[in-house]
Each structure stands twice: as structure tokens, then as C-alpha cells.
Amino acid sequence: MNKERDLKNLKSSYKLGFSVPEDYVFKSKKGLDEKVVEEISAIKSEPLWMRDLRLKSYQTFRQKQMPGWGGDLSQINFNEIYYYLKPTKTEAKSWEDLPKGIRETYNKIGVPAAEKKYLAGVKGQYESEVIYGSLLKSLEEKGVVFLGMDEGLKRYPDLVKEYFGTVIPPADNKFAALNSSVWSGGSFIYVPKNVKISLPLQAYFRINAANMGQFERTLIIADEGSFVSYIEGCSAPVYSTDSLHSAVVEIIVKRGARVRYTTIQNWSTNVYNLVTKRAKVFGDGVMEWVDYNGGSRLTMKYPSVYLVEPGAHGEILSLAFAGSGQHQDTGGKAIHAAPNTTSQIISKSVSLNGGRTSYRGLLQIYPGAKGSKSKVVCDALILDPQSRSDTYPTMRIDESQVQVEHEATVSKIGEDQLFYLMSRGIPEAQAGSLIVSGFVEPIVKQLPLEYAVELNRLIELQMEGSVG
Amino acid sequence: MGEKKDLVREKLELTLGRTLIDRLEEGESELRLGADEALTIFLLPSQKYKNKKLTVWLEGRGSRVEILGALLGGGEEESKISIRVIHKGRETSAYIHLRTVLFGQSRSLFSGLIRIEKDAIGSGSLLEDRVLVLGEAARAESVPSLEIEANEVKASHAATVGRIDEEQLFYLESRGVSRATAVRMIVEGFFEPVLRRLSRKDLVAQIRGELWADALKQYLPDS
Amino acid sequence: MEITKVLEVGEIGEGEIKKTEINGQVVDVAMIGGEYYAFNDICSHEECSLSEGFLDGKEVVCPCHGSKFDVGSGAVKSLPAVTPIKTYSVKVENGAIMVCLM
């Protein structure tokens with residue numbers, strides 16, 4: 001357990017895989033126009049095609065409409081947002097500058113000291129570790145590429161060009177267009193044929209402010225027969241002054257490959273988190289999205305699987321927690337475009353203290369996708385009368401030889417269960433917390449152990465109302 | 001889209017007791033139920049149903065609505081059905097169970113909304129939407145939604161879309177039943193769960209007559 | 001093979017897409033690198049008109065959600081479209097651009 005923690009607290013002194021971020025002395029400028037987009041590209045010394053892609057995406061962003069559904073986006077003012085990388089982690093900040101609630105939570109969850117300081121932006125760099133060095137070295141020897149997206153574009157421009165924007169094109173939606181024009185940071189991963197990486201790759205191996213960047217762009221290519229598991233985020237609340245986070249994640253799962261992408265999202269409650277995540281799955285490939293959303297003011301995110309060749313399989317496990325002032329509008333999409341494809345969507349949400357969770361999903365089966373099977377289960381718990389839960393599932397079935405099932409339930413904690421636990425001497429608050437833990441367990445148990453532990457503690461705290 | 005009709009006033013006098021047989025015709029209908037009022041609505045296909053919107057407000061405490069449907073689509077028909085049940089009063093309940101069989105190239109678009117408002121404490125709502133697709137080019141779109149604003153409630157929905165079980169068919173055929181008759185038997189079995197819910201047995205016979213006589217004959221001429 | 005004249009040479013320029021109609025079917029004609037291509041106007045994703053999009057190399061990009069298709073083969077080059085579009089063969093004869101709707 002400790003080894004894993006230490007692995008995270010690592011520094012960019014590892015020369016082969018990462019570049020040390022330069023001092024970000026870019027002028028902070030509010031608002032977005034063509035000049036800003038050009039400057040971003042120039043500062044990064046990008047190839048011409050990427051610069052053109054950014055500019056064209058900016059035009060698309062201007063033209064596209066805001067979505068007419070989902071959460072309340074009316075308060076977003078695009079002119080008040082900084083689209084540049086600001087001087088960030090290299091600035092000294094004191095631990096005391098952090099809001100009290102955040103500090104207390106870090107303490108309660110048991111985040112180790114070094115990690116606390118990193119998360120708080122106090123310390124810009126991790127301690128180096130021999131173990132970390134040898135891990136990355138072994139990946140390199142197998143031909144695995146794991147870089148920040150900026151670095152990936154520099155060192156593998158042809159590979160990036162082949163896939164960038166083919167899973168989520170800039171015109172897909174307004175926020176994909178925005179990301180495509182101002183993206184910075186994110187991960188670039190390529191796993192060669194038949195290479196299976198047993199240890200999950202974690203986003204904060206990348207020593208970069210972009211770990212918590214506003215407009216991350218991630219591209220993962222798993223070549224035939226390979227396996228990779230990737231984790232982003234952390235269960236401790238991440239304090240961000242940026243009010244708009246709009247990431248794009250594109251994943252290509254080639255024949256027989258398997259990718260698992262886990263997200264633990266816990267942005268502070270001033271953040272709008274609008275993300276487009278999509279995987280293209282080839283024959284007999286498997287894509288698993290594990291998505292936890294517990295932070296932000298509004299999250300709109302629907303991880304998707306496009307099953308384009310026979311035998312492809314996709315799973316979306318979604319867990320959402322909405323507390324006071326929060327709206328989690330989440331779910332997933334499964335698109336069956338080939339015969340004998342299968343999908344499963346399991347969504348569990350909990351709303352309390354006036355929070356609102358909405359499940360939004362799409363199951364689409366194209367003509368010709370014979371023998372496809374899909375099952376969608378969405379369960380929601382509403383813990384008190386002020387809270388709200390919605391379910392908006394859409395099923396478009398255009399093939400007759402298929403099997404489709406969908407179930408949804410919304411309820412409060414069962415009286416019987418509660419009574420039983422209380423009769424065993426467990427105080428009501430704790431009993432409620434236990435029941436909620438049991439409710440979310442099927443999804444939490446899919447997380448790596450330490451995340452599961454942290455998440456359970458976080459849930460307990462949220463139930464006690466002690467997390468602000 | 002046609003004027004909204006107050007179903008209660010218009011049709012209740014014509015129905016047998018508290019069950020309403022609604023021949024799905026185009027238009028919007030609204031229904032408001034008062035305290036302890038209970039109603040069963042049975043939806044039957046009309047010859048060419050196109051666009052039907054039905055909203056039921058469960059306003060009075062303890063009001064209950066049951067919406068059952070045995071629907072068919074064939075040829076190139078397209079049907080759009082939107083059912084909304086809004087729980088406003090305490091301890092209200094709704095049970096919606098629709099079963100649709102699609103032949104030929106028909107399309108069915110179903111949108112169902114169950115909304116339980118803040119004050120509808122102690123309410124419960126269940127929606128089941130099952131589609132059996134028999135036509136090669138038939139298409140089904142289903143959006144069952146839930147909007148729940150109270151927590152002392154229970155709401156759920158289930159939807160399935162599938163084809164006839166070939167094994168079942170094969171079994172019947174091996175017993176000397178013609179394919180067309182076998183399909184008809186399976187379709188009748190498919191509709192059973194909604195017909196069974198009707199306590200008025202005379203109505204069941206009447207509906208069966210409607211279903212088999214008019215509609216099924218049209219789509220399964222050899223049976 | 002039913003060949004129909006849709007445009008005159010000169011009515012369409014390099015990098016342009018022009019919408020034409022043949023027997024009730026909407027067919028787009030594009031000129032890329034001096035060559036002409038013809039394809040079904042309706043995007044296989046959400047049925048938007050590809051003629052309102054633009055050309056990127058040898059691909060047509062749908063304006064609605066960015067789906068891309070190869071104008072020669074109709075193959076999908078970018079999601080969210082998942083099914084290809086139909087393409088048609090083009091002939092130029094005596095200054096007329098002819099499309100064969102097979």
C-alpha cells in the first residue's frame with residue numbers, strides 16, 4: 001500500500017518519459033479569440049496541421065449551439081474564462097491558503113503528507129524514487145508510450161495525426177469543439193500488440209499542472225491483443241479556481257484488446273465539468289469505463305462505447321453522488337454497429353441535501369447488428385425530501401434479432417434495512433451510511449483497492465454532512 | 001394536435017365501471033384524478049394510430065391509475081405514443097404496462113414519463129414497456145423517463161425489446177401447428193400479462209375480440 | 001446503368017460540394033484534385049445534409065457532428081457515424097458531369 005503511494009509522489013527527474021514543465025509565464029488573458037488559439041499553438045511549437053485543427057475547431061465552437069438539455073449551463077460566461085495555462089504549480093502557496101473544508105477532508109481521508117502538499121499546489125514536484133524509474137523503464141522496453149499529450153504530439157506526430165479527432169471530431173458538440181481548439185495536457189498512451197500492462201497507469205505519473213487541467217485531451221491506442229488500465233483523478237476533493245473543465249478522451253481498442261479507464265472526479269463545487277469520452281471498439285475488443293462523479297457544481301458526462309466489429313463488448317459502470325448545490329448529469333452510451341456485440345451499463349446514484357442526479361443514456365442498435373445483447377440497470381437512492389433523481393434513457397432499436405433489457409429504480413433507503421441495523425445497536429446515521437456503502441459496492445469494488453478505501457471513507461463523510 | 005379532451009367527463013359515462021378502453025386516436029388527452037379515485041385505462045390500437053399524448057395527473061390523495069396497453073403495428077405504420085403520469089398527491093400510485101408487437105416495417109416511438117413531485121409522499125409508480133419485434137425492418141424507440149423529487153417513494157421502470165424465441169416456434173411447429181398459427185399463439189401469450197390485469201372478464205373477451213379479429217387478422221392473414 | 005447529367009464542367013470548383021437531385025435522390029458532387037466524386041447527401045449518423053459540410057482532403061465532413069466519409073469508397077473515417085454512405089461512379093463527357101445511380 002505504501003509502495004503505491006510512494007510511486008505517486010514522484011518527480012520529473014526521470015528523463016526518458018517526461019519533460020519538466022517550464023515556468024508558465026504566459027500572460028493570463030481572459031476570453032477566447034483566434035489570437036489566443038494561435039498563441040497556444042505557437043507556444044507549444046506545434047505542427048501546422050494541429051494549429052489549423054485548433055483554428056477550425058474554434059470556428060466550429062463559435063457556430064455550435066449550447067445543448068438544449070442536461071444541466072443548467074446558463075451561468076457559464078465564456079468571456080470570463082482563462083484559456084491559457086496560468087502560472088500554477090511552481091508558485092509557492094501555503095497550506096493555510098486552502099479552504100478549511102478541503103484541508104480537513106484531506107486530513108480525515110488520510111491523504112499522506114507529501115501527496116497533500118502536491119494536491120494543494122504547495123509543492124510542485126514529487127520526490128524521486130528508484131522503483132518508479134524501473135517501472136517506466138520496463139514499459140519503455142516493451143514499446144509502451146506513456147507521455148503527456150503535448151509531448152506525445154511532439155514525439156509521435158504521425159501516430160497522433162492518424163487518430164486524433166477520429167473518435168470525437170471537433171464538431172461533435174460545442175464543448176468538444178472548445179477542447180479541440182484550446183486543449184493542453186492530458187495523456188497519450190500507445191500499447192503495442194499483445195503487451196499487457198498489469199499495473200494501472202495513473203494520470204499523476206505525469207508531472208504536470210495539466211493533471212488538473214481545464215482542457216485535457218487524452219488519446220489511448222491499445223493495439224491488438226493488448227491490455228491497459230488507466231486511472232485519473234483522486235478521491236480527495238480537488239480545489240480548482242477554474243470554473244470550466246472540458247476534457248476530451250478518445251480511446252481506440254483494436255481487435256482483441258482490452259482497456260479499462262477509471263475516473264474519480266471530485267472537483268470543488270464551483271466547477272462546471274463537461275466532458276466527452278468515447279471508445280471505438282474493434283472485433284472481440286473490450287472497453288470498460290468506471291466513472292465516479294462526486295464533485296463539481298454540474299457534471300455532464302456520458303462515457304460511450306462504439307462497438308464497430310463483431311464480438312466487441314463495452315461496459316459502463318457509473319457512480320454518482322450529488323450533495324447540496326450539485327447536479328450530476330451522467331450515464332453512458334452504447335452503440336451497436338456490428339453483429340454479436342454486447343454491452344452493459346450499470347448506474348448507481350445517490351442524492352442528498354438537495355442534490356440532483358440524472359441518469360442520461362443511449363442504447364442504439366443499428367440495422368444488421370444481429371445477435372446483439374444489452375442490459376442497462378440504473379438505480380438511484382434519494383436520501384431526503386429535498387433531493388431529486390431523474391432517469392432519461394433512450395433506446396433506439398433498429399434490428400429485430402436482438403435482446404435488450406433496461407431497468408431503473410428510484411427509492412429511499414429501505415425502512416426494513418434501516419430498522420434491522422438499528423436494532424443491532426448501530427446508530428441511525430451510521431446505519432444509513434452502511435446501507436449506502438452496500439448500495440454502491442458493486443461499482444466501488446471495481447476500483448483499485450486504495451481508491452475503494454478512500455472512496456468509502458469519502459462516502460461516510462458525505463453522509464455525515466461533514467464534507468463542504 | 002387536436003384539442004385536449006377531459007377524458008373524465010367525456011368518456012367515463014360510457015365506460016363500464018372504472019375501466020376505460022381508449023382506442024388510440026391522434027390527439028392529446030388529459031385526465032385528473034381526485035382523492036381515492038381509481039381508473040384503469042386500456043389502450044388498444046386503432047387502424048392507423050399516429051400521434052397520441054396522454055397525461056394523467058394524480059392530484060387527489062390516494063388516487064391510482066393503471067394504464068395497460070396491447071398494441072400492434074404493421075406495414076409501414078408509425079406510432080408515436082407519449083404517456084405522462086404526474087404524481088402530485090400523497091400516496092398516489094401508478095402502474096403502466098404496455099406490450100407492443102411490431103410486424104412488417106412498422107415503427108413505434110414510445111416516450112413515458114413518470115414524475116413524482118415533492119409533496120407526493122408515499123407514492124409509488126411502475127412502468128413496464130415490452131416490445132416484440134416480428135418484422136425484419138420494424139423499429140422501436142423507447143424513452144422511459146423518471147423525474148423524482150420526493151424521497152418517501154418508490155418508482156421503477158423496465159423495458160425490453162426482443163424477437164420471438166425460435167425454439168418456442170420450433171416446438172409448436174413440431175406439434176403440427178402451422179407457422180402462422182404458432183406465431184399467433186406466441187403473440188397471444190405475449191399479451192397475456194396485460195390482459196390478466198383486467199378484473200373485468202367481460203372486457204377481456206371484448207378486447208380479445210378486437211385484438212384478434214381486427215388487428216391480428218390484418219397482419220397474420222393465414223392464422 | 002442509368003447515367004444522368006447533373007452538372008456542367010465549370011459549374012463546380014476545386015474543393016466544392018454541390019447538391020444535385022436524380023430521380024428524387026439527393027446526390028452530392030465534389031471536386032477534389034481535379035477529379036469528380038459523387039455520394040449520397042444524407043449522413044448515416046443523424047441524416048444531416050453533407051452538402052452543408054466541407055471537404056478535408058479526400059474526405060467529406062458532416063457539419064452536424066463531424067462524421068467523416070471517404071468520398072471515393074463511402075467508408076467511415078471518423079465517428080460518430082458508423083455506417084458508410086453510398087457512392088456513385090462519375091463520368092465526364094463533352095463538358096458534362098454524369099453520375100451513374102446503380
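Visitor: What makes up the contact between chain C and chain A?
Guide: 15 residues from chain C and 15 residues from chain A. Contact here means heavy atoms within 4.5 Å. This is a predicted model, where local features need pLDDT of at least 70, side-chain atom pairs count only at pLDDT 80 or more, and totals for chains, interfaces and linings use all residues. Residues are numbered from 1 along each chain as its sequence is written, chains are lettered from A and ligands numbered from 1 in the order in which they are written, and side-chain values use heavy atoms, with hydrogens and water left out.

Visitor: How much area do chain C and chain A bury between them?
Guide: About 1100 Å², with 60% of it on carbon and sulfur atoms. Buried area is the accessible area (1.4 Å probe) that two parts lose on being put together, summed over both.

Visitor: Why is the meeting of Glu46(C) and Arg396(A) called a salt bridge?
Guide: The rule asks for a side-chain nitrogen of Lys or Arg within 4 Å of a carboxyl oxygen of Asp or Glu. Glu46(C) and Arg396(A) give 3.7 Å, N to O, so the pair qualifies.

Visitor: What does chain B share with chain A?
Guide: 30 residues of chain B are in contact with 32 residues of chain A. Ile148(B), Asn151(B) and Val161(B) lose the most area on the chain B side, together 22% of what that side buries. The area buried between the two chains is about 2500 Å², and carbon and sulfur atoms give 47% of it. The count of salt bridges is 4. One of the pairs is Glu147(B) with Arg388(A), at 3.8 Å, N to O.

Visitor: Why is H3(A) called roughly antiparallel to H9(A)?
Guide: The axes of H3 (residues 48-63) and H9 (residues 174-182) of chain A cross at roughly 150° and come within 7 Å. Angles over 145 degrees count as roughly antiparallel, under 35 as roughly parallel, 65 to 115 as roughly perpendicular and the rest as oblique. Therefore H3(A) is roughly antiparallel to H9(A). Residues in this contact include Leu53(A) and Phe61(A) of H3(A), and Ala177(A) and Leu178(A) of H9(A). By class there are 6 nonpolar, 4 polar and 3 charged residues.

Visitor: What makes H10(A) oblique to H11(A)?
Guide: The axes of H10 (residues 415-422) and H11 (residues 428-444) of chain A cross at roughly 125° and come within 9 Å. That angle makes H10(A) oblique to H11(A). Among the contact residues are Leu418(A) and Leu421(A) of H10(A), with Ala431(A) and Ile435(A) of H11(A).

Visitor: How do you know that the bond between Leu79(C) and Pro80(C) is cis?
Guide: Its omega is about 5°, and the peptide bond is cis. Most peptide bonds are trans. Pro80(C) sits in the loop between strand E8 (76-78) and strand E9 (87-93) of chain C.

Visitor: What sets Asn340(A) apart in phi?
Guide: Its phi is near 55°, a positive value in a residue other than glycine. Most residues other than glycine have a negative phi. Asn340(A) lies in the loop between strand E14 (327-336) and strand E15 (342-351) of chain A.

Visitor: Where does Lys68(C) lie?
Guide: In strand E7 (residues 68-70) of chain C. Beyond its neighbours within four places in sequence, Lys68(C) is in contact with residues including Asp56(C), Glu59(C) and Val76(C). Lys68(C) and Cys43(C) are 25 residues apart in sequence and 9.1 Å apart in space, C-alpha to C-alpha.

Key:
Axes fitted to C-alpha atoms, helices over the stretch in contact; angles between N-to-C directions. Helix = DSSP H or I, 4+ residues; strand = E, 2+ residues; numbered from the N terminus. Nonpolar A, V, L, I, M, F, W, Y, C, P; charged D, E, K, R; others polar.
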